[in-house]
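Here are my notes on the model, as numbered points. Please read them with the structure open.

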Amino acid sequence: MADRFFDNVMPDLVRETGNESRGDSLRNLLAMPYSSLSQQLKRSALDLKESRQVAQEIIKQGRSMAKNGSSPLMFEWYGERYWGAAHGLAGIVHVLMDVELKPDEAEDVKGTLGYMIKNRFPSGNYAASEEDRTRDLLVHWCHGAPGIALTLVKAAQVQPQQRWFGNWNRGLLKRVGICHGISGNAYVFLSLYRATGRSDYLYRAKAFASFLLDRAHKLLSKGEMHGGDTPYSLFEGLGDMAYLFLGGMLDPTQARFPGYEL
């Protein structure tokens with residue numbers, strides 16, 4: 001058994017001091033205030049040489065698949081060229097914006113976002129895929145405008161006059177989760193509030209959270225709302241609602257969509 005793990009010789013607790021001692025870099029990290037350590041972890045992750053290599057390969061593949069289209073980048077998953085955050089353009093571009101890009105690569109990212117904006121539906125919503133450009137149907141983080149909106153916020157393309165995809169009118173989905181439910185759509189408004197400081201976005205996040213607080217359990221018990229195939233999971237079930245209440249609404253200025261926004 002001993003060959004399966006390292007002996008844990010780290011102290012049970014090291015008080016945060018911020019003062020470096022000599023000769024023990026691990027202990028220095030353990031004593032570092034959490035806010036400082038988190039920034040160092042982030043810098044280290046973004047500085048990894050492998051990140052640049054992965055980004056180059058993503059750009060290469062995206063350009064290759066886009067040769068016959070008007071978007072600079074395009075990707076395929078299970079035979080479809082998706083647009084959304086979970087499986088498509090928005091999610092891939094979102095990751096690329098965390099990596100240092102060459103000027104021509106950055107232009108391709110910008111052009112890809114412009115392509116999606118140009119081809120959105122009149123309602124402000126976005127298609128699920130290139131193969132499904134006629135159905136204005138899905139208003140989810142995984143497919144549709146909510147996930148794309150988070151990517152646009154990251155790209156600093158939030159414009160107060162822009163119509164934000166009908167997430168308010170069509171965002172009260174009959175599901176609780178963040179992937180394709182009310183909790184995820186609430187995070188869009190939290191992201192917009194964090195980027196703009198506009199109180200109307202905070203109100204809309206509050207309204208979606210209040211709807212869940214007041215009615216979710218009743219609707220679930222009646223079978224009028226779907227609790228997810230795995231009802232207590234993050235991304236699909238009640239774990240999402242709990243995360244929204246604890247991780248989003250307690251301090252909206254620090255709210256981040258889990259696993260997506262840094």
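1. Asp200 sits in helix H9, which covers residues 199–222. Helices here are DSSP runs of H or I with at least four residues, strands are runs of E with at least two, and both are numbered from the N terminus. Asp200 is partly exposed, at a relative accessible area of 29%. The classes are buried under 20%, exposed over 50% and partly exposed in between, with a 1.4 Å probe and protein chains only.

2. The side chain of Asp200 makes a polar contact of 2.6 Å with that of Arg198. The term means a pair of N or O atoms within 3.5 Å; within protein, one must be able to donate a hydrogen and the other to accept it, and residues adjacent in sequence count only if both atoms are side-chain atoms. Asp200 and Leu219 lie 19 residues apart in sequence, and their C-alpha atoms are 27 Å apart.

3. A word on the basis. This is a predicted model, where local features need pLDDT of at least 70 and side-chain atom pairs count only at pLDDT 80 or more, while totals for chains, interfaces and linings use all residues. Residues are numbered from 1 along each chain as its sequence is written, and side-chain values use heavy atoms, with hydrogens and water left out.

4. Now the whole chain. The protein chain has ten helices and zero strands. Its C-alpha atoms fill a box of roughly 65 × 50 × 45 Å along the principal axes. Of the contacts between residues at least 6 apart in sequence, 56% join residues at least 24 apart. Contact means heavy atoms within 4.5 Å.

5. Next, burial and surface. The protein chain has 262 residues, and 41% of them are buried. The chain exposes about 15,300 Å², with 53% supplied by carbon and sulfur atoms. Areas come from the Shrake-Rupley method with a 1.4 Å probe; for residues, only the protein chains shown count as cover.

6. What about charge? The chain carries 31 positive and 29 negative charges, and their mean positions are 6 Å apart. Lys and Arg count as positive, Asp and Glu as negative; His and the chain ends are not counted. Each charge is placed at NZ of Lys, CZ of Arg, CG of Asp or CD of Glu.

7. How many disulfides does the rule give? The count is zero. Cys142 is in none, with the sulfur of Cys179 as its nearest cysteine sulfur. Cys142 is buried, at 6% relative accessibility. Cys179 is also buried, at 13%.

Notes: Disulfide = S-S within 2.5 Å.
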